[in-house]
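The structure comes first, then the notes.

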Amino acid sequence: MAIPAPRGARETPGPAGRPVPELDPALVADWHARSGELVDLLALVRERLGGIGAFRPDPGAPPTVLVTDPDAVRHVLAHHPDRYVKRSHRARVLVGDGVLSATGDAWQRQRRLLQSQFTGRGMRRYEERITAAARVTAGRWETYARTGEVFDVGEEMRRFALDTIWRALTGHPLDPATERELGAVAGVVAALPSLPADRIAAQAAVAADIARIDAVAERAVRAARDGGAGPDGPGLLHVLVEASGTRPEYTDRLIRDELVTLLMAGHETTATTLTWLHLLLDRHPEARARALAAGPDGSPERQQAVQALVHETLRLYPSAWILPRHAAEADTLAGHALPAGTDLLVSPYLVHRDPGLWPDPETFDPTRFTAPGRRPAHPGAHLPFGIGPRACLGLQFALRESTTLLEHLLPGPAPRFRSVPGRTAYGLTVRPDGPTPAVLAG
């Protein structure tokens with residue numbers, strides 16, 4: 001007996017298994033007329049077709065398959081990463097052949113070298129550097145509270161996260177000149193969604209910003225090669241430079257690419273998460289009060305409550321809101337036939353907003369991560385940093401720096417926002433689309 005296609009769908013033939021249901025082109029045309037925002041189209045696909053559905057953003061284009069079913073997410077990302085591969089990364093114009101965009105054997109070698117730096121002993125090496133950066137930020141906020149100065153919360157979070165990753169990379173605190181030059185990283189990241197598809201044209205569009213970033217990277221690599229460890233000792237950059245002595249693939253260019261990759265991934269996502277968190281706490285002051293009341297400063301209870309604030313923010317605004325993959329071979333995904341060459345989008349953003357997994361999913365409720373039985377048990381239900389072999393290397397680093405900063409800032413005055421962004425930008429990250437001016441409440 002044939003299985004009927006869901007409402008608003010037509011079927012795309014496949015080599016085996018059930019065809020993947022496909023969104024009616026009339027609905028896609030209506031989406032184009034209404035907003036043209038990819039997130040709206042993906043939400044429509046999930047609403048009409050469920051956890052696996054295909055769509056064609058333009059007439060004549062091959063279908064892309066959206067995956068939000070948690071079992072299928074695990075199948076694609078965790079169980080068969082060799083079958084569902086990454087192709088060219090949107091950030092390649094910035095990060096080159098760094099670990100974020102690398103594939104195949106090169107990716108495995110690069111990942112293996114960096115992995116040890118973000119777990120166990122490697123993470124302990126960065127604890128003091130994270131704390132030092134948090135203290136500097138807390139000191140600035142004490143000044144803002146005393147003077148009543150208006151400041152931008154998003155810029156403050158970016159400044160903290162950039163200082164933290166710079167200390168981890170070089171052993172040096174972030175100096176004002178380097179901070180100004182590395183502001184170009186945020187500029188390139190913001191421009192990525194609108195860059196031309198042609199690689200040469202895309203590079204030309206951001207050439208000035210890339211040149212500024214390259215100059216900083218060149219100076220840092222040269223200092224590391226000269227043995228220029230910072231006051232906190234050698235950093236991650238020194239690990240990369242040492243690798244070049246025994247691994248010929250670690251040319252100055254690859255070291256530059258890894259450095260810029262870590263700069264981008266190590267501060268842009270954390271800064272965005274912390275900015276969202278402050279905006280959410282402004283709307284939900286009871287969550288802030290609950291975290292501070294969980295236990296005394298430094299206690300495990302306080303730490304757990306603060307971590308829950310971060311986890312719930314990442315549920316609503318995951319670091320990677322879509323994860324593109326390409327089917328290198330034919331496969332059957334949750335009973336659906338996928339021909340080789342199919343493009344897929346896994347969307348943590350939509351998985352985290354599935355009411356079947358997360359009751360009342362649009363509500364900010366950190367107790368999902370502290371009260372027993374509130375968090376879904378399915379391992380594919382919460383993936384703000386991805387899952388499987390290509391999950392974010394810096395997961396533990398990002399969580400540690402976020403909670404450390406909050407432990408320093410939450411007991412002080414809360415930001416009062418003069419205005420808040422009215423839109424959300426869905427680019428490389430999900431970020432507030434606009435400034436976040438605030439003063440600190442007395």
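The expected span of a helix is 1.5 Å times one less than its number of residues. Helices (H or I, at least four residues) and strands (E, at least two) are DSSP runs, numbered from the N terminus. This is a predicted model, in which local features need pLDDT of at least 70, side-chain atom pairs count only at pLDDT 80 or more, and totals for chains, interfaces and linings use all residues. Residues are numbered from 1 along each chain as its sequence is written, and side-chain values use heavy atoms, with hydrogens and water left out.

**Helix α10**
- Helix α10 (residues 207-225) has 19 residues and should span 27 Å at 1.5 Å a residue; this agrees with the 26 Å between its end C-alpha atoms.
- Buried (under 20% relative accessible area, 1.4 Å probe, protein chains only) residues of α10 are I210, I213, V216, A217, A220, V221 and A224.
- Seen down the axis, these buried residues fall within an arc of 135° and so line one face of α10; the arc is that of the directions from the helix axis to the C-beta atoms.
- A208 and E218, both exposed (over 50%), sit on the face of α10 turned away from the buried side.

**Sheet**
- An open, antiparallel sheet is formed by three strands in the order β6-β14-β11, where strands pair if DSSP finds at least two bridges between them.
- The edge strands, each pairing on one side only, are β6 (151-152) and β11 (415-417).
- Two antiparallel bridges join β6 to β14 (residues 437-440), and F151 stands opposite A438 in β14.
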